Amino acid sequence: MGNTSSMLTQYDIEEVQEHCNNTFSQQEIVSLYQRFCQLDRNSGGFISADEFLSVPEFAVNPLSQRLFRMIDGLNFKEFVAFLSAFSSRATLQHKVEYIFKVYDSDGNGKVAFSDLLDVLRDLTGQFISEQQRELVLTQVLEEAGYTKDSILVLSDFMKILGNSGLKMEVEIPVD
Amino acid sequence: MSKVNSSNMELELYRPNIEDYLPTDSIQEPLGKLKLRDLLDISPTLREAGGAIVDAIERKLSIFFSVYVGRLRVISNLDSEDSFTRCFKSNPPETWNWNVYLFPLWCLGVVVRYGILFPVRALILTSGWIIFLSCYIPVHLLLKGHDKLRKKLERALVELICSFFVASWTGVVKYHGPRPCARPKQVFVANHTSMIDFIILEQTTAFAVIMQKHPGWVGLLQKTILESVGCILFNRSEAKDREIVSRKLREHVEGAENNPLLIFPEGTCVNNNYTVMFKKGAFELGSTVCPIAIKYNKIFVDAFWNSKKQSFTTHLLQLMTSWAVVCDVWYLEPQNMKPGETPIEFAERVREIISARAGIKMVPWDGFLKYSRPSPKHRERKQQAFAESVLRRLEDK
C-alpha cells in the first residue's frame, strides 16, 4: 500500500476490506483512512504512541495503556482490522475475541487471575484497595464456578459473555 | 504558556455542576449480585476508546451511569466520550481557484476586495462611528434628567451603529418571523457563531445582552455604549460570579422597562455546523424563552470566530475584506417550560428547535471543553464511579 501518497485506490480499499472480513463498507474505510492520516501527523505510515495520546478522549480512557500495546505501530490495514470489532457487522464471537485479547496482554491464549486483576485495577484506579479487588474477583470467580487459580481461555470467555448481548459499536462518521 | 494555564483554571472554576445534568430517574439501584460477567464485560470502556480513535460523535444523549437490570454500564461520561474538535473546526471552503483560468480571476477578486471594497467599507464604518458618537455623546450627557427619552434615543443610536457595522461587511440578512417586542418575563436565546451575531440581531431590536468581559476596545465599548442598552458582564474566571450573575439576570428579566435580554446559551462560539449543549442558566429564570436561529451562508464567508485563534479585530477585518456576509435569522415561537420538565430538558428541547430550523446538527458537548483538554481527573472520576458501583453491588447480597 502506498503509504506516502494520500490517495487510496479502489484496489487498496478492496484489499483492506478483505483483510477485515468485510466488517466495514468501502465508504467507512475511506473515512477511516482520512482519520488515520489525520492522526498520523508525521506521515510515517503508522500511528505512534504519542500520536494516539494526542486524542484526549483516548488518553483519559482507563484502558488506554492496554490498548496501546495492541495498537502501537499499526499500518492502515492493521488499524482497520483492529477497529473491526467495533463495527455493527462484527459477530459476537469477534467481539468476545477482542475483549479476550485485551485481557491476554502477553498473547499466550490464557488469562490468569493476575490479568483479571490488572484490568480491574485499570478500571477502578485507587478507589478500591488491592485487597478489596482480590476479594471481589475471587468472590465472583467462585460464584461462576472457577477458582482463584483458574486459567481462562477463549471458550470460557465465550461462555461467560456469549449470551449477554455485548454493545460495542462505534459509528464511523461518513461525510 | 501562562494563557494556557489560566484557561485551565477558568475551566475548573466554571465547570457546570454535573449532578444538574443527571436525569432524575437514570440511577436505579442495581438488582442482583455482581457477577463475573459484569467485571469481564469491558465493552463500554472499549467502545469509548474506539469512538475516540475513530472520532465518532455520539448521537445518543444518554449520560452517566445507567444501571440496567443486573448489569453495570458506563454509557457515556459527559466530558470524554465524544470528539469536540469537530464543533470548533473552521472548515475551509473547497479551493476553487486551482487552475489556470480561475486563479487570475481570484487574484482580480482579491484586488477588488482589498483595494476597492475594503477602503469603501472602512469609510462607511468610520463615518458611521462619527455620526454615532456625535449624536450619542450629547444625548448621553445632556439628557441625564430625561431618562425615558434618553433611553429611547440611545436605543435607536445603537441600532444605527449596528446597521453601519452590517453595511461595512455588505451584510445581507434575511429576517423571518415576528420581530421581538419588549415584554417582561421573556428571554431570547440564539445559537452563537461569532460576536457579530449580536450585531446582526441588534440591528433591528435593541437587546440587552450578557457577555464575558473582554479586554481592549471591545471592553471599552462594553462599559460605555452597551451599558446603555443594558449589558450584564461576567468574568469566567471568577467562581463567585455565577451567583451574582444569576441574580442580575433575574432582576433584568423581571423589570418591565429593561430591553429584552439576549442570551447565547452555548457559552462559546461554535462553527455554525453544530450546536453544543446549552447551559441551563437562561432556562431556569421562570420566563418565556424565545428561540432565535441564525445560519450563515458559507459560500460568501465563514463567519465562525475562533476566539482562540483570532482577535476580534482580525476577525472583523477578515469580514470586511470578504465579499459579503449572508445569513438568515429566524425568530421562532416562544417556548415555556412544560410541567414536569427540568431546565436541562427545556434547554435541550429549545436547542432542538433552533438546530432544526437552522439545519445544523446537535452535539452533546460541553462548550467549555474548548478551553481545555480533558484532564486525568476525568479518568479518575470514571474509575471512582465504577469502583463505587462494584462495591455497592458487592454489599448488596
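Reader: What makes B:Val218, B:Gly219, B:Gln222, B:Ile225, B:Leu226, B:Ser228 and B:Val229 of α7(B) count as buried?

Author: This is a predicted model, in which local features need pLDDT of at least 70, side-chain atom pairs count only at pLDDT 80 or more, and totals for chains, interfaces and linings use all residues. Residues are numbered from 1 along each chain as its sequence is written, chains are lettered from A and ligands numbered from 1 in the order in which they are written, and side-chain values use heavy atoms, with hydrogens and water left out. Buried means under 20% relative accessible area (1.4 Å probe, protein chains only), and these seven names in α7(B) are classed as buried.

Reader: How do you know what span to expect of helix α7 in chain B?

Author: The expected span is 1.5 Å times one less than the number of residues; helix α7 (a DSSP run of H or I, at least four residues) covers residues 216-229, 14 residues, and its reach of 20 Å from first C-alpha to last is close to the expected 20 Å.

Reader: Where is the kink in α7(B) centred?

Author: The kink, about 40°, is centred on B:Gln222, the bend being the angle between axes fitted to the seven residues ending at a residue and the seven starting there.

Reader: Which residues make up the lining of the largest cavity, nonpolar, polar or charged?

Author: The lining divides into 15 nonpolar, no polar and no charged residues, and α7(B) gives the largest share, five residues.

Methods
Helices (H or I, at least four residues) and strands (E, at least two) are DSSP runs, numbered from the N terminus. Buried means under 20% relative accessible area, exposed over 50%, partly exposed in between (1.4 Å probe, protein chains only). Ala, Val, Leu, Ile, Met, Phe, Trp, Tyr, Cys and Pro count as nonpolar, Asp, Glu, Lys and Arg as charged, and the others, Gly among them, as polar.
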